[in-house]
Amino acid sequence: MNKEGTVIGVSGPVVTVRTEVPASMFEVARVGEEGLLGEVIRVDEFSVRIQVYEDTNGLASGAPVFFENDLLSVDLGPGLLGGVFDGIGRPLGVLGKEGIFLPKGARLESITGSRTFPFTPSVSPGDTLSPGDIIGTVGENPTFRHLVMVPADQKDGRAAWCAPEGEYLPRETVVRLEDGREFSMVQRWRVRIPRPVQERLPFEIPLITGQRILDTLFPIPLGGAAVLPGGFGTGKTVTQQSLAKWSSADLIIYIGCGERGNEMTEVLEEFPGLIDPVSGGPLMDRTILIANTSNMPVAAREASIYLGMAMGEFFRDMGYNVAIMADSTSRWAEALREIGGRLEEMPGEEGYPAYLGSRLAQYYERAGRARALGSPSRNGSITVVNAVSPAGGDFSEPVTQASLRMSGAFWALDKSLAQQRHFPAINWSQSYTLYDEMLAPWFRENLGEDWFPLREYLKSMLEKEQSLLDLVQLVGRDGLSEEDKWILFMAELVRVLFLQQNAFAPEDASYSPELQKAFLELLGNFDTTVRRGLARGAVFEQVSAFPHRADLLNLRGLGRDEMKTRGTQWLNRLASKMEEIEVVLQ
């Protein structure tokens, strides 16, 4: 039965309610005559504080409040993929039919409509079912197979009846147990509670992003966590969108958490027209968008990342590799700061609440790779890539520092690189990854032992460039040796041709690890060929006059085998030219 209370105070999204009956922390409440959705965030002796996820304009003291005796939950099942939801799980496609503004108090489940799905049973009457067991499969779309599972919060039971193969609505019963319990394709889960798993697994397989600088220098594993901080205009959103399009994850959950509406509009307009490079079908067939823009109620930002994580865990338990892109956790932290101020809490650094780190930890710890409950055995993962928007690009601010402590990879975006139109604008001297040793066996098995010297060559070239640029400030370029002049020239080529990537060019937007290795080998052999000529007396000015950049750009767009063949031919011609230079000099 609903428990009733009365509004006695309103402070923005925080509402004070007098109630004479017990209320639980994070219990869902409906506030006012319009039934605004909220959660209990503080319990006092005779009153509670509720953060309301909708606009509280017009809410007056004396308004009724009803408690639903449950936590904020989301329906999980077929129909989520390709959907666009607000921060509390309501489908925006349905809400948008009522006008351009979100209606107050709308009671919509995440799975709506009368669409049926083809169900194929996996169990028979008499089978014993445990939490997480697969009871059937659903062809949700032409490229995605949805697994119907026994809810993780149920106990064991024996199947008495199972629906035959056919088309069913998501909420129709497909399995009935001997004790009377019924299961449909849809299960409900509380978004703040992590789904249980059978076993946590080590990080062994990298998330292939298709971005050369990330896969080569700063890789992350399936189940890992990366933070992507950068000031305004450094390319956070474009980088995350590139990861969503080209990464090796089976499913993408993109959370627009407090970002500007025009950025989210770009995602909503662009993604439906994109083709998945793996399956050849629409990219939206494996994507879920959660749109919670800056002009939506601030408190809903706090719930949006838990909503995305709950959806991600659901698909992880099917055995899929999920990537969650949150843009950005700074806006989420601002919501915490707003709510904390309304609660008159003692502020921490820069006004953020003192529990900022622990709240972030509750989110990050739900990432990882795991073996799901039930049978057959399934391994899945949740990889988190969170953008952070520090004011003025100051990485010492609290949200960036707290995120650093939780994540294993730091991809620092650089304002100066962005101004030079070098994208992705990831600063190779500030960025790092802690996953190198964990992923080394995979790279050794799939790319060979010679991958690691190539990677070290790239790192050393960038380090030498920085030290030589410092020397140039003292003696000028003319004071350098011929070899040092070449190193500066070669390092620039490496930056432009390997680290820089064009997200809008199909042949360059995504690069497989095999292609990355082939191109690095080509660059290394090119460098060796030229240095050999310089050691025999060639002059830098003559060597640098060759059209190296144009030739290498043409080779970069080729496949691996063709790149190796034509690259070898090009290097042979270059060696002949170097010999001609040496003959002239002699």
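Here are some friendly notes on the pockets and cavities of this predicted model.

1. **Ground rules.** Because the model is predicted, local features need pLDDT of at least 70 and side-chain atom pairs count only at pLDDT 80 or more, while totals for chains, interfaces and linings use all residues. Residues are numbered from 1 along each chain as its sequence is written, and side-chain values use heavy atoms, with hydrogens and water left out.

2. **Confidence.** The protein chain has an average pLDDT of 90, and 99% of its residues score at least 70; pLDDT is the predictor's confidence in each residue, from 0 to 100. Confidence is lowest in α4, with a mean of 77, and highest in strand β23 (residues 368–371), at 97. Helices (H or I, at least four residues) and strands (E, at least two) are DSSP runs, numbered from the N terminus.

3. **The largest pocket.** Its volume is about 580 Å³. Of its 27 lining residues, Ile100, Phe101, Leu102, Asn295 and Met296 are the closest to the centre. Two or more lining residues come from each of α1 (92–95), α4 (261–270) and β21 (287–292), and α4 has the largest share, 4 residues. A pocket is an open set of points on a 1 Å grid over the protein atoms alone, with protein on both sides within 12 Å along at least five of seven lines; lining residues have an atom within 4 Å of a point. Points are joined across faces, edges and corners, and a volume is the space filled by probe spheres set on them.

4. The lining of the largest pocket divides into 14 nonpolar, 8 polar and 5 charged residues. Ala, Val, Leu, Ile, Met, Phe, Trp, Tyr, Cys and Pro count as nonpolar, Asp, Glu, Lys and Arg as charged, and the others, Gly among them, as polar.

5. **The second largest pocket.** This one holds about 420 Å³ of space. Its 19 lining residues include Asn427, Trp428, Ser429, Leu462 and Glu463, the closest to its centre. The largest share of the lining, 7 residues, comes from α11. By class, the lining has 6 nonpolar, 6 polar and 7 charged residues.

6. **Cavities.** There are 2 cavities of 30 Å³ or more, a cavity being a set of points where a 1.4 Å probe fits but cannot get out. The largest has about 40 Å³ of space, and Arg195, Asp317 and Arg378 are among its lining residues.

7. **α4 again.** The second largest cavity has a volume of about 30 Å³, and α4 gives the most to its lining, with 3 residues. Keep in mind that confidence in the chain is lowest in α4.
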